[in-house]
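Visitor: Please show me the sequence and the model, and then let me ask about them one part after another.

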Amino acid sequence: MAASSRVAEIEVVADGGARRDEAEEQRGKAGAGAAEQPDPVVDVYSAAAYGDLERLRGFVEEGGAAAALREPDGNGYHALQWAALNNYPHVALYIIEHGGDVNARDNAGQTALHWAAVRGAIAVADVLLGNGARVEAADMNGYRAVHVAAQYGQTSFLYHIISKYSADFDALDNDGRSSLHWAAYKGSADTVRLLLFMDCNQVRQDKNGCTPLHWASIRGNLEVCTVLVHAGTKEELTLKDSGGFTPVQLAADKGHRHLSYILSNATKVSFEEKYCPGRSKKIGYAPILFGYLVICVVLFLNSIVFAPNFSRITATAGLWSWAAITLFFAAQVMFYRVSRKNPGYIKANTKRHDPKEPLMEIDINNCSTWTGNWSQLCPTCKIIRPMRSKHCPTCNHCVEQFDHHCPWISNCVGKRNKWDFFVFLCMGVATSFLGAAVGFHRLWTEPIILSSSESWTHFMVTKHPGAVLFMIMDVFLLTGALILTGAQATQIAQNITTNEVANRSRYSYLLGPDGRFRNPYNRGCLRNCTDFLVNGYSNDEEAAWPTLQQTVQQC
C-alpha cells in the first residue's frame with residue numbers, strides 16, 4: 001500500500017510527554033492513597049502540581065527552596081510546567097515573581113505554555129504570555145503551542161492565543177505539519193472548523209505528501225472529512241501522497257468503507273457541474289417532478305374525466321374532478337413559490353481581509369448569535385451562524401433553521417419557506433387523494449361484460465390502459481407525499497427539524513444535563529403548531545429545562 005499508509009501513525013508528544021504523563025499519574029496515586037501517604041506535597045514541584053500556594057510559599061520563603069523554582073525536578077520538569085498543566089494561574093504567577101523562568105524547557109524542549117495547551121489552561125496562558133513567554137516557542141519536534149492545542153482538541157485555547165496573542169496557526173512542525181494536520185488526524189472537528197474559518201491552508205502537504213484530508217481519511221473520521229470536503233474543492237480529493245494514493249484510496253485501505261464511499265461520491269462531477277458550471281445552485285429533480293405531475297394531470301383529464309370509452313361522468317364525480325384540477329394548479333403555484341423562495345439564506349462574509357478578522361470583529365462573550373458551540377462557525381461562508389442553521393453544500397449557503405435540502409423542489413427547506421413547503425405537501429396529498437378517489441370510482445362503477453376466462457383487472461388494463469396508468473402513478477405519488485407530510489407534521493408538532501432528528505446524538509444542544517436527548521425548543525404540540533401556522537416558522541426560543549440535580553431530586 002501507499003508509503004503514507006505504512007508510515008507509523010504520528011504521535012501527539014514525544015517521549016518527554018509520555019514521561020510527563022507517568023509522573024503526573026504517580027502524583028495522582030500518591031494523592032489518592034492518603035492513608036499510606038497523607039501528605040503528597042513534599043516539595044515545590046508537588047506543591048505547584050497540586051496548586052497548594054501556601055505550602056509553596058513555605059518551601060520557598062521559609063525552607064530556602066527558591067532555587068528549585070529555576071531548576072527542573074528529577075524527570076526534567078519545572079515547577080512552572082506543573083502549575084501550567086493543572087491550570088493554577090496564581091501559583092504560576094508566584095513562581096514567575098520569585099525567579100521562575102517563564103520560557104524554561106524540559107528535556108523534550110517544551111515550555112510551560114506547551115503544558116498549558118495540553119488541557120486548555122487559558123488563565124495560565126494569560127499569566128505566561130503576559131510575563132514574556134514566547135508564543136512561538138517550539139520543542140524538539142517543532143511543536144508550538146498551536147500544534148499541542150490542536151493535538152488535544154483544545155479549540156478555545158487555540159482561538160484565545162491566536163486572537164489575543166497573534167499565534168501563527170499556519171506554522172509547521174519539523175515534519176511539515178500544521179495545526180490543521182494535527183486536528184484532522186486527532187479527529188477534532190471543532191478545531192478543524194476554527195482553523196478553516198481562519199483560512200488555514202488545507203491543501204498543504206507534509207513530508208509524506210499528506211494533506212489534512214489524507215490524515216483524516218487514515219483515521220476514518222467522517223465528521224472531520226465532511227468538514228474538509230465541504231470547505232475545499234474537488235481537486236483536493238484527487239491530491240496524491242508520496243506513495244501516489246488519494247484520500248479515497250487511503251480510507252479504503254484502512255477499512256473505512258463508508259467513508260471511502262462518501263469521498264468517492266464527492267469526487268464525481270455532476271451533470272450540472274459539467275454542463276452548467278456557472279449556476280449558483282444545482283437544478284435538482286424539480287423539472288422531473290413537474291413533468292411527472294403534468295403527465296398525471298393529462299392522463300387524469302384524457303383517461304378519467306373525458307375518456308371516450310368510459311360512460312358519461314356523474315355530476316358528483318365531475319365536481320370532485322374539477323376540485324382536484326383546481327387544487328392541482330394551486331399546488332403548482334406553491335411548487336413554484338417554494339422552489340424559488342429564499343429558504344433563509346444567511347449572508348456570507350465576502351470581505352477578504354485578515355484571516356482572523358471574522359472572529360476578531362465579534363465579541364464572542366457578548367454576541368447574541370454565539371452560544372459557545374464551535375459548530376456555529378462556517379468555514380465556507382466565514383460567519384458565526386445561529387443555532388439550528390447549517391451550511392448546505394448543494395446550495396453553498398448557510399440556511400437559517402435548516403430542515404433539509406429537497407432535490408424535488410431544487411431548493412433547501414428552511415425558516416422562510418418551510419410553511420410554503422408544508423402547504424405544498426398538503427395540497428399535493430389532497431390533489432392526489434381526490435384524483436385517486438375519482439379514478440377508482442370511475443373504474444369500479446364502469447359497467448363491463450366479462451368473458452368467462454377474463455378477469456376484471458385484465459379487462460381494465462386492456463380497455464382502459466390510460467386510466468390504469470394514472471392510478472398507478474397517482475397512488476405512487478400519494479404514498480410518497482403522505483409519508484413526507486406525516487414526517488413534517490410530526491416534526492412541526494415537536495418543533496424539531498429533519499436535520500436535528502438525523503443528528504440528535506451529535507448536536508450538543510439536543511442533549512440534556514443527563515446526556516440523553518431532549519429538545520430545548522419543544523413548547524408543547526399546541527404551542528408549536530400555533531407558532532408555525534401563525535408566524536410561518538417555528539419558534540427558536542429555548543424552553544427552560546431543569547438541571548441534572550433538579551431532575552435527580554424529582555426522581
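Visitor: Which residues of helix α19 are buried?
Guide: This is a predicted model, in which local features need pLDDT of at least 70 and side-chain atom pairs count only at pLDDT 80 or more, while totals for chains, interfaces and linings use all residues. Residues are numbered from 1 along each chain as its sequence is written, and side-chain values use heavy atoms, with hydrogens and water left out. Helix α19 covers residues 286-305, where helices (H or I, at least four residues) and strands (E, at least two) are DSSP runs numbered from the N terminus. With buried meaning under 20% relative accessible area, exposed over 50% and partly exposed in between (1.4 Å probe, protein chains only), the buried residues of α19 are Ala-286, Leu-289, Leu-293, Cys-296, Val-297, Leu-299, Phe-300, Ser-303, Ile-304 and Val-305.

Visitor: What are the helices that cover the buried residues of α19?
Guide: The covering can be followed through contacts, which are heavy atoms within 4.5 Å. Among the elements that cover the buried residues of α19 are α20 (315-340), α22 (418-445) and α24 (465-494).

Visitor: Where does UniProt list a "transmembrane region"?
Guide: UniProt positions follow the numbering used here, with feature names shortened, and annotations may be inferred rather than shown by experiment. In the model, residues 283-307 are 80% helix and 0% strand, with end C-alpha atoms 35 Å apart, while residues 464-484 are 95% helix and 0% strand, with ends 31 Å apart. The unreviewed UniProt entry lists this feature at residues 283-307, 319-338, 421-444 and 464-484.

Visitor: Which residues lie nearest the centre of the second largest pocket?
Guide: On a 1 Å grid over the protein atoms alone, a pocket is an open set of points with protein on both sides within 12 Å along at least five of seven lines, and lining residues have an atom within 4 Å of a point. The second largest pocket has 32 lining residues, and α19, α20, β6 (404-406), α22 and α24 each supply at least two residues of its lining. Nearest its centre lie Leu-289, Leu-293, Phe-424, Leu-477 and Ala-481.

Visitor: What residues does Gln-491 contact, leaving aside its neighbours within four places in sequence?
Guide: Gln-491 is found in helix α24, and it counts as buried because its relative accessibility is 10%. Beyond those neighbours, Gln-491 is in contact with Asp-403, Ile-496, Thr-497, Thr-498 and Val-501.

Visitor: How many residues are in the largest nonpolar core?
Guide: A nonpolar core is a set of buried Ala, Val, Leu, Ile, Met, Phe, Trp, Tyr and Cys residues joined through side-chain atoms within 4.5 Å. Leu-56, Ile-95 and Leu-128 have the most contacts inside the largest one, and a second, separate core of 32 residues includes Met-334, Phe-459, Met-471 and Met-473. The largest core has 81 residues.

Visitor: Where does UniProt place the feature "repeat: ANK"?
Guide: Over residues 141-174 the model is 53% helix and 0% strand, with end C-alpha atoms 6 Å apart, and over residues 208-240 it is 67% helix and 0% strand, with ends 10 Å apart. The unreviewed UniProt entry places the feature at residues 75-107, 108-140, 141-174, 175-207 and 208-240.

Visitor: What is the relative accessibility of Pro-247?
Guide: Pro-247 is in helix α16 (residues 247-253), and, not counting residues up to four places away in sequence, it touches residues including Leu-213, His-214 and Ser-217. Pro-247 counts as buried because its relative accessibility is 0%.

Visitor: How far apart in space are His-256 and Ser-217, C-alpha to C-alpha?
Guide: His-256 is in the loop between α16 and α17 (257-267), and Ser-217 is one of the residues it touches. The two are 39 residues apart in sequence, while in space their separation is 8.0 Å.

Notes. The expected span of a helix is 1.5 Å times one less than its number of residues. On a 1 Å grid over the protein atoms alone, a cavity is a set of points where a 1.4 Å probe fits but cannot get out, and a pocket is an open set with protein on both sides within 12 Å along at least five of seven lines; lining residues have an atom within 4 Å of a point.
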